[in-house]
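Colleague: Could you walk me through this model with me asking the questions? I would like to start with the packing and then move on to the ligand and the backbone.

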Amino acid sequence: MAFSRRMRVAAIGAALACTALITPTVAAAAPTYRDASAPIPDRVEDLLSRMSLQDKIGQMTQAERAAADPQTAASASLGSILSGGGSAPEPNTAEAWADMYDEYQRAATATPLGIPLIYGVDAVHGHNNVHGATIFPHNIGLGAANDPQLTEDIGRATAEEISGTGIDWDFAPCLCVARNDRWGRTYESFGETPERPTANATAIDGLQGEALNAPGSVLATAKHYVGDGGTTGGDDQGNTEIDEQELRRIHLPPFQEAINRGVGSVMISYSSWNGLKLHAHSYLINDVLKGELGFQGFVISDYDAIDQIDGQLGFTAEEVATAINSGLDMIMVPNDWRKFTELLRGEVENGHVPMSRIDDANRRILTKKFELGLFENPYTDRQFTGTVGSPEHRALARDAVRKSQVLLKNEGGVLPLAKDGGKLFVAGKNADDIGNQSGGWTISWQGESGPITPGTTILQGIRDAAKGTEVTYDRYGQGIDSSYRAAIAVVGETPYAEGQGDRPSGMGLDQEDLATLKKLEDSGVPVIAVTVSGRPLDIAEHLPRWDALLASWLPGTEGAGVADVLFGDHNPTATLPMTWMTSADQQPINDGDGQKPLFPYGFGLTY
Ligand code: BGC
């Protein structure tokens, strides 16, 4: 591909030189859109004037990498490619990602207009699809830390790792306000009230940097607009049944903040508001988001979400027209992208979608491509490839872990533990498992138990911190006896992501955890429970038998940060970003609703 592009350029150059001899004035002008010194609006208009309807529809189409290889994407003039959760090149290394990305750009820029692609990923807690990347705590932990500068720094580190693999666009931060902990995406939320999600919209500054075309900057996405965390029953992709005043009071403020911070894209929620799918919600997108809030970037659909507008399987021309007319600028149609382009073309030709809407969508998308500097620098900035999983980024992640641990109980000051003397017992299915402590959206979409990527498990962190102590580990608690000075049980949830993480019934510990805990409790030594989970758990009935409780959330690859708190290298500072239920039947339970929680919103002990 590189070869043929160079050949084309050489041939054009020779022809121009030849023409120059005869008519010097004709040769001079390169198109305005190629002139990096021209104002971006002029470049956009110039490019738009050269584009066919097919080119414009292509810009509005985003396919999954597995469904469009570089040549196919280029010949169909696709504007964007994504990697869905877990969709990675083989081998899954930073270099292979960069090579793959460059292939796409080589093909795209070799087309007649040479419009570069924009490539998007879900780097929602670090560049989490890439093996060896730094995995930061999920948002619920950052909400507990509630340190906007820390969140910005993590955004910056994540942007560097993303840039090192070529990618230009992150489908993050999730600015959802999770109201019902039954929702499987609760951990993607910075908190249950608008304050913490709004405060931590600083992630956008970190991701987008000082300028979109500055080294190591990527486009950010505020998602999922709007009300995704407010569905009845915490049902993922469900229906948010609240009046407009409450929608504006609870769910809108983080998006307003994101726009103030110049977020480049907004992703629409799968959910409905009072029965109407957001993807068909012209009022909320055209009037509120683009009109009232003045959002100037582009609006992206969620994955296959236009298909859900009419509730029937398979999207129709009507759904396509509805989505575009409702204000969506780019559609994530991972596999059926060809059908989408054909249907949209038909809807433009029959007048159902006005050409002005197509042009507006293109202006918004192309403006971001120009701002990102993609026309000048379409290829991976390899100076950042070595930052993927770097010691500096892992140190930042460890700092975030220690700042996100919420101490909920500490009877008789059992914590912090001494680093020397006596013996410590560690148990529980989440003590020695990188996959479990990282949660969903890690290497694969739903996440997975086991050594899925390099990192430090919580057990390893404990061993490293307590070098002067004998540490015994048994996952199931076998072998515990009264000779230990304390027992640490690292229990909780195993990985899940959207959909599969919904908990319409129980929200407690599983049988394995309960059996493990019972062994420790029966031994008579002080029990320190550490919960690794994407939400508060229904544990009130067990709490009296534990001397300490530390909510660890989903810390990611740097488990040493948990040990930093257990052994007092960090005095706990985090507080609950979600009200902690007394029992699951209280859900939804939120600050100020009059229900009696086990621990209130904002609670957190210190030493
Ligand atoms: C999720 C989004 C994500 C998209 C692309 C969807 O299923 O809802 O949060 O950005 O997939 O992977």
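Colleague: Which residues does Y225 touch, beyond its neighbours in sequence?

Modeller: One note before the list: this is a predicted model, where local features need pLDDT of at least 70, side-chain atom pairs count only at pLDDT 80 or more, and totals for chains, interfaces and linings use all residues. Residues are numbered from 1 along each chain as its sequence is written, and side-chain values use heavy atoms, with hydrogens and water left out. Contact here means heavy atoms within 4.5 Å. Leaving out residues up to four places away in sequence, Y225 touches L252, F255, V266, M267, I268, S269, L278, L284, I285, V288 and L289.

Colleague: Which residues have the most contacts inside the largest nonpolar core?

Modeller: A nonpolar core is a set of buried Ala, Val, Leu, Ile, Met, Phe, Trp, Tyr and Cys residues joined through side-chain atoms within 4.5 Å. Buried means under 20% relative accessible area, exposed means over 50%, and partly exposed is in between, using a 1.4 Å probe and protein chains only. The largest core has 93 residues, and those with the most contacts inside it are Y119, Y225, V263, L289, F340 and L344.

Colleague: What covers the buried residues of α12?

Modeller: In α12, residues 253-260, the buried ones are P254, F255, E257, A258 and I259. Just after this helix, G262 takes a positive phi of about 80 degrees. The cover over the buried residues of α12 includes α9, α10 (203-208), β5 (221-225), α11 (244-251) and α13 (282-292).

Colleague: And what do the buried residues of α3 pack against?

Modeller: Helix α3 spans residues 40-50, and R43, V44, D46, L47 and L48 are buried there. Their packing partners are α4 (53-59) and α16 (355-371).

Colleague: Now the ligand, please. Which of the residues around it come nearest?

Modeller: A residue is near a molecule if one of its heavy atoms lies within 4 Å of it. There are 13 residues around the ligand. Those that come nearest are D122, R185, H224, D302 and E498.

Colleague: How much of the ligand's accessible area does the protein cover?

Modeller: Let's take the polar contacts on the way, meaning pairs of N or O atoms within 3.5 Å. An oxygen atom of the ligand is 2.6 Å from an N or O atom in the side chain of D302, and a ligand oxygen is 2.7 Å from such an atom in R185 and 2.7 Å from one in H224. On its own the ligand has 310 Å² of accessible area (Shrake-Rupley method, 1.4 Å probe). The protein's cover comes to 96%.

Colleague: Is N146 buried or partly exposed?

Modeller: N146 has a positive phi of about 45 degrees although it is not a glycine, and it is found in the loop between α7 (139-145) and α8 (148-163). Its relative accessibility is 31%, so N146 counts as partly exposed.

Colleague: What about D304, buried or partly exposed?

Modeller: D304 also lies in a loop, between β10 (298-300) and α14 (317-325). Its phi is positive, about 60 degrees, although D304 is not a glycine. With a relative accessible area of 29%, D304 is partly exposed.

Colleague: One last stop: how far apart in space are Q437 and P555?

Modeller: Q437 lies in helix α18 (residues 434-438) and is buried, with a relative accessible area of 0%. Among its contacts beyond four places in sequence are T456, V532, L554 and P555. Q437 and P555 are 118 residues apart in sequence, while their C-alpha to C-alpha distance is 5.9 Å.

Technical notes: Polar contact = N/O pair within 3.5 Å; in protein donor to acceptor, adjacent residues only side chain to side chain. Helix = DSSP H or I, 4+ residues; strand = E, 2+ residues; numbered from the N terminus.
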